Amino acid sequence: MINYLDLQFQWYSNGIKTIRPSGFISLQQLINAIISPKPEMIEAFKLIQEAGASGNKEEKNRLKAEKLFFTTPSAIFDPIRNYESITEFRPLAIFEYDDVEYAEELRDYVFEKRKDCIFAFCSPSFTGCKFIFLLGETPKTIEHYKSLWYGIAYDLDKFKGLDMCNER
């Protein structure tokens with residue numbers, strides 16, 4: 001069995017709307033990039049945090065699109081990111097909260113309470129938090145993935161701000 005930290009998935013540059021992957025990254029590489037970001041990422045995080053603190057969502061979104069990369073840990077796509085292009089699933093699910101007043105506390109609470117939560121971090125703006133969950137099995141179909149995702153979401157939706165888009 002593969003170590004889940006070695007699982008690879010695609011990453012995308014230039015914002016969440018980019019549909020063609022830029023390459024592959026392992027879960028360990030993603031964790032390392034978040035825990036020990038490069039200097040240019042630290043500067044990007046600072047600018048995003050300032051935009052978030054001032055309530056300037058448009059600037060925050062622009063900075064995120066220009067300065068950050070995005071990942072799709074739940075599936076592999078070829079040639080583009082859409083349902084029809086899923087070639088295989090990963091046993092990972094992403095959950096995130098937006099517009100959270102106490103993001104750090106929520107991050108710590110969920111990580112400590114859920115044994116299937118393998119990584120938790122705050123968004124660069126500190127107005128949200130994100131979680132990576134290790135599913136008990138690798139999904140076989142879109143419907144199977146959604147059923148596993150909603151099983152976890154059922155417990156997580158007790159907290160305000162759960163972003164339901166990751167079920168897709």
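User: Which residues of strand 6 lie on one side and which on the other, and are they buried or exposed?

Analyst: The model is a predicted one. On one side of strand 6 are Leu92, Ile94 and Glu96, and on the other are Ala93, Phe95 and Tyr97; all are buried, and both faces are covered.

User: What makes strand 6 and strand 8 a pair?

Analyst: Two strands pair if there are at least two bridges between them. Strand 6 and strand 8 are joined by 6 bridges, so they meet that criterion. The two strands run antiparallel, and Ala93 stands opposite Phe133 of strand 8.

User: Why is Ser123 called buried?

Analyst: Ser123 has a relative accessible area of 10%. The term buried applies under 20%, and therefore Ser123 is classed as buried. Ser123 is found in the loop between strand 7 (117-122) and strand 8 (129-134). Leaving aside residues up to four places away in sequence, Ser123 touches Gly128, Cys129 and Lys130.

User: Why is helix 2 described as roughly antiparallel to helix 3?

Analyst: The axes of helix 2 (residues 39-53) and helix 3 (residues 57-67) cross at roughly 165° and come within 8 Å. Angles over 145 degrees count as roughly antiparallel, which means that helix 2 is roughly antiparallel to helix 3. Their crossing is left-handed.

User: Which residues make the contact, and what is its make-up by class?

Analyst: Helix 2 contributes Met41, Ala44, Leu47, Ile48, Ala51 and Gly52, while helix 3 contributes Glu59, Lys60, Leu63, Lys64 and Lys67. By class, the contact has 6 nonpolar, 1 polar and 4 charged residues. Gly counts as polar.

User: What makes strand 2 and strand 3 edge strands?

Analyst: An open sheet is formed by 3 strands in the order 2-1-3, with antiparallel pairing. Strand 2 (23-26) and strand 3 (70-72) each pair on one side only, and these are the edge strands. From one strand to the next, the twist averages 45°.

User: How do you know that strand 1 and strand 2 pair?

Analyst: Strand 1 (residues 8-12) and strand 2 share 4 bridges in the antiparallel sense. The criterion is at least two bridges, so the two strands count as paired. Gln10 stands opposite Phe24 in strand 2.

User: What lies across these strands, and at what angle to strand 2?

Analyst: Helix 1 (residues 27-35) lies across strand 1, strand 2 and strand 3, and runs at about 80° to strand 2.

Methods: Residues are numbered from 1 along each chain as its sequence is written. This is a predicted model: local features need pLDDT of at least 70, side-chain atom pairs count only at pLDDT 80 or more; totals for chains, interfaces and linings use all residues. Side-chain values use heavy atoms; hydrogens and water are left out. Buried means under 20% relative accessible area, exposed over 50%, partly exposed in between (1.4 Å probe, protein chains only). Contact means heavy atoms within 4.5 Å. Axes are lines fitted to C-alpha atoms, for helices over the stretch in contact, and angles run from 0 to 180 degrees between N-to-C directions. Angles under 35 degrees count as roughly parallel, over 145 as roughly antiparallel, 65 to 115 as roughly perpendicular and the rest as oblique. A crossing is left-handed if the near helix is turned anticlockwise from the far one by less than a right angle, and right-handed if clockwise.
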